[in-house]
Amino acid sequence: GEAVVPVANCDVKEYNSNPKEQLPFKEYVEYWREYIRNGYRSSRGCLYLKDWHLSRSGLIPNAPELGIAFPEQDVYTTPVYFSSDWLNEYWDAVAVDDFRFVYMGPKG
């Protein structure tokens with residue numbers, strides 16, 4: 001609940017993208033529940049959790065302010081149909097970044 005996650009406002013465009021803010025995961029879940037209760041409307045707009053590096057295990061020291069919530073846990077397994085995860089194999093080897101993201105949010 002205390003992990004900090006990147007959240008995009010889908011109702012706003014800046015340079016052909018959506019501006020992001022950092023929120024505690026718990027606050028985002030509260031927003032999402034309220035959004036549903038209010039008929040999929042909110043004065044905050046439609047917020048979508050986007051590009052959360054949940055599985056950046058061991059690449060970067062524990063840095064919750066960067067959205068890296070659980071670096072000591074292995075939270076990602078490549079699905080069997082994508083078992084040749086060549087992009088992440090490279091980035092894991094150079095220990096710079098990864099392309100494992102979490103996306104979630106309400107409809108709309």
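The accessible surface of this protein comes to about 7200 Å², and 54% of that area belongs to carbon and sulfur atoms; such areas come from the Shrake-Rupley method with a 1.4 Å probe, and for residues only the protein chains shown count as cover. What you see is a predicted model, where local features need pLDDT of at least 70, side-chain atom pairs count only at pLDDT 80 or more, and totals for chains, interfaces and linings use all residues. Residues are numbered from 1 along each chain as its sequence is written, and side-chain values use heavy atoms, with hydrogens and water left out.

**Overall build**

- The protein has two helices and four strands, where helices (H or I, at least four residues) and strands (E, at least two) are DSSP runs numbered from the N terminus.
- Of the 108 residues in the protein, 31% are buried; buried means under 20% relative accessible area, exposed means over 50%, and partly exposed lies in between (1.4 Å probe, protein chains only).
- Among contacts with a separation of 6 or more, 51% join residues 24 or more positions apart, a contact being heavy atoms within 4.5 Å.

**How confident is the prediction?**

- The mean pLDDT of the protein is 78, and 72% of its residues reach 70 or more; pLDDT is the predictor's confidence in each residue, from 0 to 100.
- Among the elements, α1 has the highest mean pLDDT (94), while helix α2 (residues 86-94) has the lowest (69).
- Over residues 57-61 the pLDDT stays under 50, and the model has 11 contacts for them beyond four places in sequence.
- Where pLDDT is low, the predicted coordinates should not be read in detail.

**An aromatic group to look for**

- The whole structure holds five aromatic pairs. Rings of Phe, Tyr and Trp (its six-membered ring) pair if their centres lie within 6.5 Å; planes under 30 degrees apart count as stacked, over 60 as edge-to-face and the rest as tilted.
- One of them joins Tyr28 and Tyr31, a tilted pair with 5.8 Å from centre to centre and 35° between the planes.
- Tyr28 and Tyr31 both sit in helix α1 (residues 25-37), three residues apart, or about one turn of the helix, and both are buried.
- Tyr28, Tyr31, Trp32, Tyr35 and Tyr40 form one aromatic cluster.
- Tyr35, a cluster member, is also in helix α1 and is buried at 5% relative accessible area.
- Leaving out residues up to four places away in sequence, Tyr35 touches Tyr40, Arg41, Ser42, Gly45, Cys46, Pro106 and Lys107.
- Tyr35 and Leu47 are 12 residues apart in sequence, and their C-alpha atoms are 9.2 Å apart in space.
- The charged end of Lys107 sits over the ring of Tyr40, 4.5 Å from its centre; this label requires NZ of Lys or CZ of Arg within 6 Å of the ring centre and within 35 degrees of the ring normal.

**Two cysteines, no bond**

- A disulfide is a covalent bond between the sulfur atoms of two cysteines.
- The structure holds zero disulfides, with the cut-off being a pair of cysteine sulfur atoms within 2.5 Å.
- Cys10 is partly exposed, with a relative accessible area of 34%, whereas Cys46 is buried at 4%.

- Asn9 belongs to strand β1 (residues 4-9) and counts as buried because its relative accessibility is 15%.
- Beyond its neighbours within four places in sequence, Asn9 is in contact with Asn18, Pro19, Arg44, Gly45, Cys46 and Leu47.
- Leu54 lies in the loop between β3 (47-52) and α2 and is buried, at 18% relative accessible area.
- Leu54 and Val75 are 21 residues apart in sequence, yet 7.4 Å apart in space from C-alpha to C-alpha.

**Positive phi angles**

- Most residues other than glycine have a negative phi.
- Tyr15 has a positive phi, near 55°; this residue lies in the loop between β1 and β2 (20-24) and is exposed at 85% relative accessibility.
- Asp51 also has a positive phi, near 70°; Asp51 is in strand β3 and is partly exposed at 21% relative accessibility.
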